[in-house]
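Good morning, and thank you for coming.

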Amino acid sequence: MAEQATQSERAQIIDQLLEAEQQRFADTHPKSQSLWGEGRKNYLYGGPSHWMRRWAGGFPIYVDSAKGAEVQDVDGRTYTDFCLGDTGGMCGHAPEAVTEAALAQLKRGTTTMLPTEDSIWVGQELAHRFGMPYWTLTTSATDANRGAIRYCRMVTGRQKVLVFSGCYHGGVEEAHVEIRDGKVGLRNMIHPNGVDHSKVSHVVEFNDREALAEALESGEIACVLMEPMMTNFGMIPVAPGFNEFVREKTRETGTILIIDETHTMSSGTGGFTKTHGLEPDIFVAGKAIAGGIPAGIFGISEELAQRIWQEVPHVNPKKRQSAHLGIGGTLAGNALTVATMKAVLSNILTDENFDKMIANAERLAKSARKLIEKNNLPWHVTQVGARAEIMFSPQPPRNGADVIATRQGDLEVLLHAFYMNEGILVTPFHTMFLMCPATTAEQVDKHTEVFAKFISLLQENGVV
Ligand SMILES: Cc1ncc(COP(=O)(O)O)c(C=O)c1O
């Protein structure tokens, strides 16, 4: 073990180690590297989506196939996948039930702007599972949030959306704000978007009761849009009683509460909401809900539905309808999405599979914690349901400010590049691990071995 480096030496060493890992990655991924070179000629950011450029190797792997919890790249290398498409693949890759349902539906037509019989079962199951009586399907979680916000503005007559600093709710611009150095501004790395945030957004720190109460009492907030614990800025656990406090204050001030469970749906069959007995007015989810086919959903309470129907009544069948809501895309709720959603809800996101997924997340978190303790490292692991996160700070953050103050971005990139070289994928934005029903205890143990190797690498080089 080397003597521990000073702070400036440390940054330099991490840089050198990253360079070595990226070289190792380039040497072993010639085909992906060459495809990336080609992709840059025709895609604005190299790949079909700008998210795909965020991988720590220096360029992304190009996928040949993905099955269960494994991904195979075009260079013939296999990865254990804990990223799972940043949750879109939480059902596992190419799960049989979804594949069969999709193939069958593809042969019978995918999009007619008419409902299929499957949609009846899906609506009943969503209501039963997530506790909301009335549902709308969209093509993404972003769109579900957008639709939900639109209804909130419609019934409250207010414009502002309250979010928590460090949040991410997709392409919803109202949420692209944060508090940094005590000042409200555009979220780090998000560039000017033409939106006057002083009119449409309000941002406070997570778990801050006083700031939340003060904002809601202004009477300007249409809705609170929140994850029931934060998962997009590392994992920020919710303080005991905070969700209940938000509920109480939103009710008191006539503010609508949207709980976005796009990620926390990994907590169990009814999401975090059911597991913790929460009472949102609107429940949002997406990503994995149709097993990897693009889809979002939002469910609305009885009381809110009544208010919406007062504004926009049901169709009068005797009159031509010219008014439209402009909510959701043309392909929302199409037959393919509905068929795959049915397969997911009936066969994949079941109690039995959640038990397995949660046990594996606990196993990963427990082994990582053991290594952290054994090596006396100032790091921690958070695990909620089928999801776990390693963060390079001694305590779980209480809010976005804590993450900003303690985050070690350079060490995260190094870890992620190291993982890729050792055959592990984690979400590139922070160190989050997600389990799918196909994830095995052996795959989790492989992570433990690789994580131990990473710690040794840092020790040998005096980084820790
Ligand atoms: C909590 C949450 N909501 C919404 C979204 C948006 O999902 P999509 O990009 O699939 O629309 C995300 C994406 O990461 C998310 O984490």
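Let me begin with the classes of residue: Ala, Val, Leu, Ile, Met, Phe, Trp, Tyr, Cys and Pro count as nonpolar, Asp, Glu, Lys and Arg as charged, and the others, Gly among them, as polar. This is a predicted model, in which local features need pLDDT of at least 70 and side-chain atom pairs count only at pLDDT 80 or more, while totals for chains, interfaces and linings use all residues. Residues are numbered from 1 along each chain as its sequence is written, and side-chain values use heavy atoms, with hydrogens and water left out.

I turn to the second largest pocket. On a 1 Å grid over the protein atoms alone, a pocket is an open set of points with protein on both sides within 12 Å along at least five of seven lines, whereas a cavity is a set of points where a 1.4 Å probe fits but cannot get out; lining residues have an atom within 4 Å of a point. Grid points are joined across faces, edges and corners, and a volume is the space filled by probe spheres set on the points.

The volume of the second largest pocket is about 1700 Å³. Its lining holds 37 residues, and those nearest the centre are Trp135, Thr136, Tyr151, Leu325 and Ile327. How many residues of this lining are nonpolar, polar and charged? There are 22 nonpolar and 15 polar residues, and no charged ones. At least two lining residues come from each of α4 (118-130), β4 and α10 (302-311). Such helices (H or I, at least four residues) and strands (E, at least two) are DSSP runs, numbered from the N terminus.

Strand β4 leads us to strand β12. Two strands pair if DSSP finds at least two bridges between them. Strand β4 (residues 134-138) pairs with β12 in the antiparallel sense, over 5 bridges, and threonine 136 stands opposite phenylalanine 298 of β12. Strand β11 (residues 282-285) also pairs with β12 in the antiparallel sense, over 4 bridges; here valine 284 has phenylalanine 298 as its bridge partner.

Why is β12 described as largely enclosed by the rest of the structure? The reason is that 5 of the 5 residues of this strand (residues 296-300) are buried, where buried means under 20% relative accessible area, exposed over 50%, and partly exposed in between (1.4 Å probe, protein chains only). Gly296, Phe298 and Ile300 point one way from β12, and Ile297 and Gly299 point the other way.

Next, please find helix α12 (residues 351-374). The expected span of a helix is 1.5 Å times one less than its number of residues. For the 24 residues of α12 this gives 34 Å, and the end C-alpha atoms are 34 Å apart, which agrees. Among the buried residues of α12 are Phe354, Met357, Ile358, Leu364 and Leu371. Their cover includes α11 (335-348), β13 (380-384), β14 (387-391), β16 (432-434) and α15 (441-460).

Now a word on backbone angles. Most residues other than glycine have a negative phi, and most peptide bonds are trans. Just after α12, asparagine 376 takes a positive phi of about 55°. Leucine 84 has a positive phi near 50°; this residue lies in the loop between β3 (78-81) and α3 (96-106) and is buried, with a relative accessible area of 0%. Asparagine 207, in the loop between β8 (201-204) and α7 (209-217), has a positive phi near 70° and counts as buried at 19% relative accessibility.

Another case belongs to a hairpin. Strands β6 (residues 177-180) and β7 (residues 183-186) run antiparallel and are joined by 4 bridges, with valine 177 opposite leucine 186. The hairpin has 2 residues between its strands, and aspartate 181 takes a positive phi near 50° there.

How many cavities of 30 Å³ or more does the structure hold? It holds 2. The largest cavity contains about 60 Å³ of space, and its lining has 3 nonpolar, 3 polar and 2 charged residues, including Met391, Arg407 and Glu412. The second largest cavity has a volume of about 40 Å³, and its lining divides into 5 nonpolar, 1 polar and 1 charged; Trp55 and His416 are among the residues there.

Technical notes: Contact means heavy atoms within 4.5 Å.
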